[in-house]
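Please read them beside the coordinates.

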Amino acid sequence: MKRALLGLVLTVVCSPLGAETQLKRIASLDHPPMNETSGLARAAQPGVFWAHNDSGDDARIFAITLDGKPVIPDYLARRYRDGSWPGFRVLNAWNVDWEDMAAADDVLYLADVGNNSNARRDLGVYFLPEPNPYAVPEGRAMGFLPIRYPDQDTFPAREWHFDCEAVFVADGKLHFLTKHRRPGEQEGWLPGTKLYRLDSAHTDRDNVLTFVARRDDVVLPTAAELSPDGSRLAVLTYVAVWIFDRPVDGDNWLASPTHTIPISRLQTKIVEAVAWRDDHTLLIANENRDLFELDLDAK
């Protein structure tokens, strides 16, 4: 999303300017190639997180530590001590519009699901074995899972409800949360989100998503991730973090939030990435190179 649009979005749908926030800025992502963070995921290595840029970047991801510094393979550290480390190359992949990422069961998922005009017919998710960022500089995407929404039959759609920036894995399945616009208006934001689930996993044909639920009071979700213990889902928007408990029955993660935490847009600007540091603490990154921490148990 272009920064010029931020004022419009916030005026229409956001919380008051004086909203209290529990966010603490802990680092700056000042590595030059990391210029528009759009996705975060907790890595297998303790204290390490994966990140990627928004649309138009090379097919690459970055491993970072909590001080915002990139992880470079040990044997390449001296070569790139000048700050020119280009990141971990993802071979056999293209970043058309990567909007979020997830990590589960030693697999990384890169969601190429940005769809600003609701006209794309090549949406899908790359997957690759999670690499050790201290040991290797690149890896091959093992496949691409093409996806299609079951309720979209025209391109562009009559309802512009098929953009997605929030993806998470629960119970071994990918889930998607949509971001809504008025038809024909890339800057005409609407409240509400729809939750879909990927039940099939074919790489040679479209995987039609399963519609799970809709919620009209979640406005412009930009990222999502399940807690390490699987008990809570964090959904990030521009002005709040929604925390949902695991459903008692079924797969409707939008059924009932534990609580909603407002965040100040003056502090966070354009936040588009979230990951769990542990079962009680979130990391949030914006497109302006800031890394924040949110303690959910803070009094």
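**Notes on the predicted model**

1. Strand 8 and strand 10 (residues 143-148) run antiparallel and are joined by four bridges. Within this pairing, Tyr 126 stands opposite Phe 144 of strand 10. Strands here are DSSP runs of E with at least two residues, helices are runs of H or I with at least four residues, and both are numbered from the N terminus. Two strands count as paired if DSSP finds at least two bridges between them.

2. On basis and numbering: this is a predicted model, in which local features need pLDDT of at least 70 and side-chain atom pairs count only at pLDDT 80 or more, while totals for chains, interfaces and linings use all residues. Residues are numbered from 1 along each chain as its sequence is written, and side-chain values use heavy atoms, with hydrogens and water left out.

3. Strand 8 (residues 124-129) also pairs with strand 7 (residues 107-112), in the antiparallel sense and over six bridges. In that pairing, Ala 111 has Val 125 of strand 8 as its bridge partner. As background, side chains in a regular strand alternate between the two faces of the sheet.

4. Overall, the protein contains two helices and 23 strands. Its radius of gyration is 18 Å, close to the 19 Å that the globule rule gives for 299 residues, so the protein is as compact as a globular protein of that length. The radius is taken over C-alpha atoms, and the rule is 2.2 Å times the number of residues to the power 0.38. Along the principal axes, the C-alpha atoms fill a box of roughly 50 × 50 × 40 Å.

5. Of the 299 residues, 56% count as buried. Buried means under 20% relative accessible area, exposed means over 50%, and partly exposed is in between, with a 1.4 Å probe and protein chains only. The accessible surface of the protein is about 12500 Å², and 49% of it belongs to carbon and sulfur atoms. These areas come from the Shrake-Rupley method with a 1.4 Å probe; for residues, only the protein chains shown count as cover.

6. Contacts are defined by heavy atoms within 4.5 Å. Among contacts between residues at least 6 apart in sequence, 57% join residues at least 24 apart.

7. The side chains include 32 positive and 44 negative ones, and the centres of the two sets lie 3 Å apart. Lys and Arg count as positive, Asp and Glu as negative, and His and the chain ends are not counted. Each charge is placed at NZ of Lys, CZ of Arg, CG of Asp or CD of Glu.

8. How many residues of strand 11 are buried? The count is 11 of the 11, so strand 11 is largely enclosed by the rest of the structure. Strand 11 pairs in the antiparallel sense with strand 12 (residues 173-181) over eight bridges, and Phe 168 stands opposite His 175 in strand 12. The two strands form a hairpin with two residues between them, and Asp 171 in the turn has a positive phi of about 55 degrees.

9. Asp 105, in the loop between strand 6 (100-104) and strand 7, has a positive phi of about 55 degrees although it is not a glycine. Asp 105 is exposed, at 68% relative accessibility. Lys 269, in the loop between helix 2 (265-268) and strand 21 (271-278), has a positive phi near 60 degrees; this residue is partly exposed at 34%. The peptide bond from Phe 155 to Pro 156 is cis, with omega near 0 degrees, and Pro 156 lies in the loop between strand 10 and strand 11 (160-170).

10. Ala 104 lies in strand 6 and is buried, with a relative accessible area of 18%. Not counting residues up to four places away in sequence, Ala 104 touches Tyr 109 and Val 169.

11. His 259, in strand 20 (residues 257-262), is partly exposed at 28% relative accessibility. Leaving aside neighbours within four places in sequence, His 259 is in contact with Val 241, Trp 242 and Ile 243. His 259 and Trp 242 are 17 residues apart in sequence, and their C-alpha atoms are 6.3 Å apart.
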